[in-house]
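Biologist: Please take a close look at a single residue in this model. I would like its place in the chain, its surroundings and its setting in the protein as a whole.

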Amino acid sequence: TVNQAPPQATVVLDQAVCKATSTTLNANDPSPFTGVWTQTGGPAATIVNPANPQSQVTGLVKGNTYTFTWTIQGQAPCGNTQASVNVTVSADVTAAFTADKTQGCGPTTVTFTNTSTPAPEGNYLWDFGDGATSTAATPAPHIFAPSNNGKELTYTVTLTPVSNCDLKTPFTMTITVEPAIPVAIINPGQTTACGSFALT
């Protein structure tokens, strides 16, 4: 007795699910053999129709990675063939960061640390308030320039989690820079008068 070997099981590439609690798995048609989906990793989810190569999966929870295996069952003595797919469900990031200083004198170099939760992942946009931006998870130290009129200058630094599925609420912090050398200015209340007068 010679039995036909089952076809090699194949699945579509790994999936990244955003803003959803379900997805559709995709595998090859096992005909004339039978196939079955099983979950082999991640928290418990529901495979709606395990024998369907394009079965839907429900009950997915953000922040988890699931593994599902498609098995085409062979007839003895032929073995089974298998292929697995990972489904990653993105978790929204709550943006936050710290700075080694929030005030300086003259050109001020500030080092920022991304403290977003969960631990920095995904894509970010930093806006330093002076026209400069960065897409690094944790940017290189940034130099803030003082004003050229002798006045205090305040920069608003913003961190936005651009890869979030839902809320993209930014986190902000202000950096204040004082001039290294103040500009001396005399502002008399008046510069002309007739007779005696009080000068401020």
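Modeller: Thr81 belongs to strand E7, which covers residues 81-89. The model is a predicted one. Thr81 has a relative accessible area of 12%; because buried means under 20%, this residue counts as buried. Beyond its neighbours within four places in sequence, Thr81 has contacts with Pro6, Pro7, Gln8 and Ala9, and also with Trp70, Thr71 and Ile72. One of these residues, Ala9, also takes part in a polar pairing: its backbone nitrogen is 3.1 Å from a polar atom of the Thr81 side chain.

As for the setting, the protein has 16 strands, among them E7, and zero helices. Its radius of gyration is 31 Å, whereas the globule rule gives 16 Å for 200 residues, so the protein is more spread out than a compact globule. The C-alpha trace spans about 125 × 25 × 20 Å along the principal axes. Buried residues, including Thr81, account for 31% of the 200 residues.

Taking contacts between residues at least 6 apart in sequence, 57% join residues at least 24 apart.

Terms used. Residues are numbered from 1 along each chain as its sequence is written. This is a predicted model: local features need pLDDT of at least 70, side-chain atom pairs count only at pLDDT 80 or more; totals for chains, interfaces and linings use all residues. Side-chain values use heavy atoms; hydrogens and water are left out. Helices (H or I, at least four residues) and strands (E, at least two) are DSSP runs, numbered from the N terminus. The radius of gyration is taken over C-alpha atoms; the globule rule is 2.2 Å times the number of residues to the power 0.38. Buried means under 20% relative accessible area, exposed over 50%, partly exposed in between (1.4 Å probe, protein chains only). Contact means heavy atoms within 4.5 Å. A polar contact is a pair of N or O atoms within 3.5 Å; within protein, one must be able to donate a hydrogen and the other to accept it, and residues adjacent in sequence count only if both atoms are side-chain atoms.
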